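Reader: I am new to this structure and would like to learn how to read it. Could you walk me through it?

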Amino acid sequence: MGGAVSAGEDNDDLIDNLKEAQYIRTERVEQAFRAIDRAEYYLEAYRENAYKDLAWKHGNIHLSAPCIYSEVMEALKLQPGLTFLNLGSGTGYLSTMVGLILGPFGINHGVELHADVVEYARQKLDTFVKNSDSFDKFEFCEPVFVVGNCLEVTSDNLQYDRVYCGAGVQKDHENYMKIFLKVGGILVMPMEDQLTQIIRTGQNTWETKNILAVSFAPLIQPSRTDSLKSDNVGLPSASVRCLQDLARIYIRRNLRNLINQEIQARGIPPRAPPKRKRKKLRRRRIDTYVFVGNQLIPQPFDSDEDDKMEEGNREEEEEEEEEKEISEGLKQEESTPSLLRERIMSLPLPESLKAYLTYYRQK
């Protein structure tokens, strides 16, 4: 499933295409997509396909097409502080983007059938926290993943504000999925070849809307051997953050706010990411040819159209120069060290505490 938008040259280019096609419609969703490079969730040998609007699967590892994730993120209507359950959490790509919106006081849980995929997701999450340039720009709700079949989750677990299922749900399991949802919550799942949004409007009332025609592999049914087991899948507990963790959150938040105030006081507006221009084919002037005897001789053809083409070529040359400047600006922006990290490292604190405040990041 996918192929709804053109392939991008990089992650930002892919997001530009998704915005242009109206799959990404809100700033909050756009920021989350730009912060997480989709290629980081591909195996190294397959990254050349990361910015195509196509699903990808290798063994048990699977990523849906970008246009599907875009519609899911928009349909979930995420807000800071909400609770989220991802059934079939896979690589953790979607859960990590969701965590950037939920912030530190949300809950972000995932259930994945395959143990090797859960391990892969945890590795990718660790890489994002320790190495991503985007991490210091957000307050993050770190996903917690557990191994198990999402059709065997114990019924006494907490309910969530937002729920997504990443595999095809049979109509017979619709009510089972609804159990996880709080009143006022939103459930998004593929059902009967439609990406479906279900809003719980009351204890026993629901609003259902079809969003997009899709094709998903169905949920894997528990085997008879599994059904004989007494231990069902338990979701992570909704634990309260410790004081040390809360202190880190508020110290980082206050420092980030202080940095922004200082930037505004200097009269420097927040710098938006430079727009990446699409390359255009250069128009070329074509001479006419005439036969003189047996010879073919080029004959310049002067017209208003030629003048327009020459003017167009000059504009395109100017655009190419602008593109070079944008490219240099992007490189400079990427190499700029984190102001938050710099401020933390300048504090008169023990090195061990500075490391804790930076989440032990090396950059």
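Author: We will go through a helix, the cores, a sheet and one arginine. This is a predicted model, in which local features need pLDDT of at least 70 and side-chain atom pairs count only at pLDDT 80 or more, while totals for chains, interfaces and linings use all residues. Residues are numbered from 1 along each chain as its sequence is written, and side-chain values use heavy atoms, with hydrogens and water left out.

Reader: Which residues of helix 2 are buried?

Author: Buried means under 20% relative accessible area, with a 1.4 Å probe and protein chains only. Helices are DSSP runs of H or I with at least four residues, strands are E runs of at least two, and both are numbered from the N terminus. An α-helix has 3.6 residues a turn, so residues three or four places apart point the same way. In helix 2 (residues 27-35), the buried residues are Val-29, Glu-30, Ala-32, Phe-33 and Ala-35. Their cover includes helix 1 (11-20), helix 3 (66-76), helix 4 (93-102) and helix 5 (115-131).

Reader: Which residues have the most contacts inside the largest nonpolar core?

Author: A nonpolar core is a set of buried Ala, Val, Leu, Ile, Met, Phe, Trp, Tyr and Cys residues joined through side-chain atoms within 4.5 Å. The largest one here has 55 residues, and Phe-33 and Met-73 have the most contacts inside it. Apart from this core lies another, of 24 residues, with Val-146 and Cys-150 among them. Contact means heavy atoms within 4.5 Å. Leaving aside neighbours within four places in sequence, Met-73 is in contact with residues including Val-29, Phe-33, Leu-94 and Ile-101.

Reader: What is the strand order in the open sheet of seven strands?

Author: Two strands pair if DSSP finds at least two bridges between them. The order is 5-4-3-6-7-8-9, with mixed pairing. Strand 5 (144-147) and strand 9 (206-213) stand at the edges with a single partner strand each, so one side of each has no neighbour in the sheet. Strand 8 (residues 194-200) and strand 9 run antiparallel, joined by seven bridges; Arg-200 has Trp-206 in strand 9 as its bridge partner.

Reader: Is Arg-361 buried or exposed?

Author: Arg-361 is buried, with a relative accessible area of 4%. This residue lies in the segment after helix 11 (351-357). A polar atom of the Arg-361 side chain lies 2.7 Å from the backbone oxygen of Ser-132. Not counting residues up to four places away in sequence, Arg-361 also touches others, including Phe-128, Asp-136 and Arg-341.

Note on methods
Buried means under 20% relative accessible area, exposed over 50%, partly exposed in between (1.4 Å probe, protein chains only). A polar contact is a pair of N or O atoms within 3.5 Å; within protein, one must be able to donate a hydrogen and the other to accept it, and residues adjacent in sequence count only if both atoms are side-chain atoms.
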